[in-house]
Structures are given as structure tokens and as C-alpha cells.
Amino acid sequence: MTQVVVIGGGIVGISCALTLQSQGHEVTVVEPGPVGEGASWASCGCIAVGEIVPLSQPGMLMKVPGWLLDAEAPLSVRPGSAVKLLPWFARFAANARRSRMRAIASDLARLTFAATADFKAQLADIGHPELLVERPVIKLFDDDNDRATMRGAFDLARELGCTIDEVTGQEAHEIDPAIASDFRHAALLRDWSFVTDPRLLVETMMQTFSSRGGTIESGEAVDFVRDGQQVKSVGLRDGRMISADDFVIAAGTHSKSLADKLGVPLRMEGVIGYSTALKDSGVDLRHTVFYAKGGFGITPYQDALAVAGTVEFADLGAKPNWNRADVLVGRAHRVLPGLRAERAERRMGRRPFTPDTRPIIGRSRRLANVTFATGHGQLGLTLGSTTARLIADVIAGRMPDIDIQTFSPDRFST
Ligand SMILES: Cc1cc2nc3c(=O)[nH]c(=O)nc-3n(C[C@H](O)[C@H](O)[C@H](O)COP(=O)(O)OP(=O)(O)OC[C@H]3O[C@@H](n4cnc5c(N)ncnc54)[C@H](O)[C@@H]3O)c2cc1C
């Protein structure tokens, strides 16, 4: 039996821990905070199959000055963070060429097309299939111009195998009467689905892991003891050391500093997003809806509506700007007439984004027994179970059925 330490108990870490445990490994998860309170907690809850068009798109760099000036735009850069983010942006810009964009989309398609089956298998394994709601997600557009902003992304997603049905705004209202009836266009993303509550999901997975004999160490990983290419143990802030045969780095945005300690330079930034859970919302929404112009999505969790979105580039130490979360809630009234927002709980998460929007999955050639499972950006919930299956293959020495070369942690070394 191999002993494996998984560093990080977000959706990716706990997915990896459960899969490794089910394959006979003795697994310890190291997690400093309440489980599920990283980015996983703030997510919009979608299994976003076909969300494959990268953030870096042709013409995007021209928009950066505007992002710096408008703090309420769906995409923004904190002025104080802009200089620190320059090296990341330089790489990001290099990926905004059409040919690279297509290559990235195609890589993400391979991963996301496996996501639903992998996620369902993991839910079946923990005995909670009801945590997934298999209903299409609805995107809403005010007018022809608004819809035109998505044309390129839809064409590429369809070309790569996604099912997107375009309907009128009135048809969207008939499918889900909670949605305002005056949108001109809508699109049904047939491959998507959503979870009933991402925090409950992570907590349930963690409880199952524990009940099967898994160990959860409350602590923060800060350093490693190595013998050449072999990592022997991980050191926690309180001085404890945990030894293992294999280590998985799944600490979300914080994976970068841990990787630095191991001499593996990852390029990753925490791109902030906000989510506000509205209890007693007065609205009976049954689908996740996205209003791209407003920069948010709304998901009907089991006990609240979650209004989530924005892409805010800021360095890791940046404090939340809760005004951005409030702006989204204000805009949500456009989508859901009659929405009540008195009982609101705001959350902030940092999506671990690489400059090429690809996750980081696999081993570095510098280390014999460390596997990386991070950098999932806006797809961590979607890809947690698939990532877990792939890293379990790597640790077992099996050839993964999805080619993971382009997700290598070593791609940033040049
Ligand atoms: C507003 C918003 C909406 C989103 N919507 C979606 C969506 O609809 N679908 C989707 O797929 N994704 C979505 N995402 C993205 C998704 O939430 C992330 O990709 C995902 O949470 C990343 O998971 P993770 O486990 O890698 O990181 P995290 O969830 O951040 O977890 C990392 C964990 O590592 C722990 N940790 C940190 N440092 C250490 C250390 N030194 N030692 C030990 N542990 C450590 C943290 O405490 C944390 O629990 C959204 C994100 C946001 C912010």
C-alpha cells in the first residue's frame, strides 16, 4: 500500500484523495482551513462541459486599459496589482493568438467531455448522486449585438462537439418562468449541469473520505524535505512533518508558492470572483442562468440562489472588494424580476488561473514522487473528478486515457 499526502482540501484535493483511497492507497489530506472554503466554496456550481474557449482571446489586450479604469466591469484589473501581474499577462497575451486559442480549446474539450461521467462515478461512489442536477444551463442575451459577442465561442464549441441550442428569450422564459420574458435571445447549453451546493459537495466528500479511514491533518504545508528528486516529507507551519511515498499538490492558488519550494516554477494567478448566496429569494429558478453582459451566473442551490461571477485580476494578498459582489446582485434583478436580496451571504474565491487557461496535471521531470493537480481556473469543480482519475493513473504508473502532456507543470520552465 502506498502512502500519499494530498496538500489542499478543496474540490480538486478531496476528489484526488477519494479516488486514490478507493484504489487502495493510504491517504492523508493536509488542509489548514474549514473544508471547502477555498475557491470551491464561491463557485457557481456548474459542471461546465464545453466551457473551453480560453480567457486569452484575440484583441483582449487592447481592452486591458479599460479594465484598469472601470472597477465595476465584468473583467477588471486592480490598479495596485497591475505591475506585479505583468509577467503573467505577458504569457497570457502570447496565448491570445487564434491558433493557440484553438489548441487550448481542443485540449480543454478533451478534459471537459470526460467530466460528467467522472463526476457521476464519484458521486455514485460516495452514495450521493442527488448532488448533481442534470438540467441544461441557459445563457441570456438582451439583443442581437449582445448575442453576437458569443458567436465565435459558440461556433468553436460546436465544432469541437458541444450541443448548444439557440432559442428566443420568450422560449427561455417558458422553459423557466422565473426568467424575465423580455430577453431577445437565449442559448441552451445541453452538456452542462450543476450541483445542489458546492460547499455541501466538498464537505460530503470529505466526510466519506474520513469514514473510510482517510486522515485529515489540520495544518498548512510550508516546506518539504527532499533527497535528490525524491520528496521525503512535508513540513507544516506548526512544525509537524508528514512522510509519505507520494505527494499531490492541490492547494489551489497557493500551489504556486509550494511548487516554488520544490524548484518547479508554476505560472498561476488567483483571479478573484464573488458569489452571493441569497436565502428566501422569492424566486423559484430551476436552471442555472448566465447573463454574460452582466458578468454573472445564477444557480439555484438547494437552500439559496447563488449570484456568482466577475473576473478580477489582483495579487494574492488583495482584500475582497465586496462592492463587486453587490453590483452583481443589483444586476440580477434584470434576470429575475421579483428577486429579494435581503438575506445575503457573500463569498470570495480565487480561481487558480494559468496564462494558457490549461490546468496543471501530472508530474514534473524534476521530481520523482510529486504530482500536480491545480491551475483549473474556472473549471475546478467541473474537472475535479477527471483530474483525480488522471493523477491516480500517474501515481500507479498507468498511461492515462487522456493525453496530459500539454498540462505538464514543466511547460512554464522555458
Ligand atoms: C465566482 C466563481 C465561480 C466559479 N464557478 C465555477 C463553476 O461554475 N464551475 C467550475 O467548474 N468552477 C467554477 N469556479 C472555479 C472553481 O471554484 C475553482 O477552479 C476550484 O475551486 C479550484 O479548486 P481547488 O481545489 O484547486 O482550489 P481551492 O478550492 O482554492 O482549494 C484549495 C485548498 O487548498 C488549501 N490550501 C491552501 N494553501 C495550503 C497549504 N499551504 N497547505 C495545505 N492546504 C492549503 C486551501 O485552504 C483550500 O481549501 C468558480 C470560481 C469562482 C471564484
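Here is a short tour of this predicted model, stop by stop.

Before you click anything, note that residues are numbered from 1 along each chain as its sequence is written. Local features need pLDDT of at least 70, side-chain atom pairs count only at pLDDT 80 or more, totals for chains, interfaces and linings use all residues, and side-chain values use heavy atoms, with hydrogens and water left out.

**Stop two: where they touch.** Domain 1 brings 18 residues to the contact and domain 2 brings 18, with contact meaning heavy atoms within 4.5 Å. Together the domains bury about 1,500 Å², 60% of it on carbon and sulfur atoms; buried area is the accessible area (1.4 Å probe) that two parts lose on being put together, summed over both. Show T253, T357 and Q378 next: they supply 39% of the area that domain 1 buries against domain 2, more than any other three residues.

**Stop three: a salt bridge.** How many salt bridges are there between domain 1 and domain 2? The count is one. Zoom in on K256 and E269, whose side chains meet in a salt bridge at 3.3 Å, N to O. The term needs a side-chain nitrogen of Lys or Arg within 4 Å of a carboxyl oxygen of Asp or Glu.

**Stop four: the ligand.** Select the ligand and display what lies around it: 34 residues surround it, and the closest are E31, S40, C44, G377 and T382. A residue makes that list if one of its heavy atoms lies within 4 Å of the molecule. At C44, a backbone N or O atom lies 2.8 Å from a ligand nitrogen. For I11, the distance from a polar backbone atom to an oxygen of the ligand is 3.3 Å. The protein covers 94% of the 1,000 Å² of accessible area that the ligand has on its own, by the Shrake-Rupley method with a 1.4 Å probe.

Methods:
A polar contact is a pair of N or O atoms within 3.5 Å; within protein, one must be able to donate a hydrogen and the other to accept it, and residues adjacent in sequence count only if both atoms are side-chain atoms.
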